[in-house]
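Subject: Model for you to look at

Hello,

Here is the structure I promised to pass on. Please open it alongside the notes that follow.

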Amino acid sequence: MTIHQLSVFIENKSGTLVKVLKLLKEEGIQLIASTIADTAEYGICRIICSQPSKAFEVLKAAGIAVTLTEVFAVELDDVPGRAADAIEIFANEGISIAYLYSFLLGGKGVLIFRTDNAEKAREVIVSRGLTVVPEKDLSKLL
Amino acid sequence: MSTEFYNPEEAYSRSEIEALQLERLKATVSHCMNSGFYKARFDSIGLRPQDIRTLDDLNRIPFTTKQDLRDTYPFGIASVPLKDCTRLHSSSGTTGNPTVILHTKKDLEQWANAVARCLWMVGCRPEDVFQNTSGYGMFTGGLGFQYGAEKLGMLTVPAAAGNTLRQLKFFKDFRTTVVHAIPSYAARLYEVMCEQGIDPRRDLALRTLVIGAEPHSEDTRRRIEEMLGVKAYNSFGMSEMCGPGVAFECKEQNGLHIWEDYYIVEIVDPQTLEPVPDGEVGELVLTTINREAMPLLRYRTRDLTRILPGECACGRHHKRLDRMKGRSDDMIILKGVNIFPIQIEQILMQFQELATDYLITLQTLDDNDGMTVEVELSERFFNDDYAALQRLEKEITRQLRDEILITPKVRLVPFGSIPKAEGKAVRVKDLRKQY
């Protein structure tokens, strides 16, 4: 039900992000979505990409602080208000969102998020009939 | 004599030690009258060698300082003619004239004996294979350990500093059991072992590690022992006192026995120069009483330590020094507060989330002096939780502030990003404006 996201510890120093992205480029790994907050000293760069396991190995071998995290990817119709509806469902169930980002892919909206209670989030997704995007389909949507 | 002891002097009682000390002190002071420097100094205060009748009379003798060594560079303090000397060692002299220490043939033999005694004390035997990762040449940790290990009869591998992959190959091929390394390099060795897929417990025969030259905390020692699967013993020496072999931990790992048949030890308040009671921290002052070429009387080492009160379970009555608290000249003065880098290290090493390297930077921002402490996140710890990183940063900051009374800026940096030194690690960078 979840997909793999790369989380990379990034120092706020010129060149560190480029190094990560170049390593992925050299392996022909494509970025699907990514996010990084503007913190003063360091941040976590989160990346959804093709071949996440391979990307993880490549970055680790290069000595980069990286971890593979499981996150939810919920598919939404490309219509105004759908994100609000989805998140309201979680809010009503008392599930907090640790972080969230979204993108459009193949005419669909995709919400990526992590919650403080993955078990409960799974139950809600099933019971409310939300559509999750399987990892293998992400690349197909490209 | 028990096989635990390398020399009979090791087993001496306090009264035997003190009797030998007095005899040797008198002989040393008389011999020092052959040194132009000491002759002039004694004459200037009207002190004569025969005035030294008891060990308490030692405090009538003026201190010798590093500056004295510089002022008399290179041979001004020697108590024997140069033709009787067979080696010299010299410090780097980065902050002025270098200092030179001369040795006669007998001095070198006595030095090797002291190092052999230290190594024997922690269980080294002729069957062992000893690999020395110190720089050779002028740095006394190279030749000092070399001659001591040879005297003991171990197979010695003078690998010298650097080339970590080659060090590891020697560990494997020669079945090295004893290693001498500075603590930061021991951690580096482990890192490279991990990269190379070497498990020290499974693949190597390492048993004993001798660490010295850099002040380090008890936690650092335990970490290194855990990493390499060895017992690590703290070694203390300095080139002015020959080099290694001055004081060394026994198997109790609770304080370093200083060889009182070689040295008379005093601990003084660095400001008032008055002696402090056993158990209190002060500057270590040493008088060599077993040296020919260049005895030093009441030499101010600048090292801060204390004498551990009480008896050691090992049965030796030679006094024990606590691990070095830093050097009085390593001290950082920030906003009027005295801080020793070892205080910071002690805090950092308690965090399992951190790796062993760190860097303290002092800088001036908007005319305010401040401290930044960069710490490496351990590889295992990093996860996707930003809040956990922030909590960690806050907790480190809080604990450091409690220890050093100044709030440093703590920066988490990725594992491996602090440059590794293969020599003595640089832990402090001072970029403050000089007024």
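Two residues count as in contact if their C-beta atoms, placed from the backbone, lie within 7 Å. This is a predicted model: local features need pLDDT of at least 70, side-chain atom pairs count only at pLDDT 80 or more, and totals for chains, interfaces and linings use all residues. Residues are numbered from 1 along each chain as its sequence is written, and chains are lettered from A and ligands numbered from 1 in the order in which they are written.

The interface. Eleven residues of chain A contact 13 residues of chain B. On the chain A side, strand 1 (2-11), strand 3 (42-49) and strand 4 (66-77) each supply at least two residues. Strand 1 of chain A gives the most, with three. Strands here (E, at least two residues) and helices (H or I, at least four) are DSSP runs, numbered from the N terminus.

Chain B. It has eleven helices and 20 strands. Of its contacts between residues at least 6 apart in sequence, 66% join residues at least 24 apart.

One sheet in chain B. This open sheet has three strands in the order 10-11-12, with antiparallel pairing. Two strands pair if DSSP finds at least two bridges between them. Strand 10 (263-268) and strand 12 (299-305) of chain B are the edges, each pairing on one side only. Strands 10 and 11 (residues 282-288) of chain B share six bridges, in the antiparallel sense. B:Tyr263 has B:Thr288 of strand 11 as its bridge partner.

Best wishes
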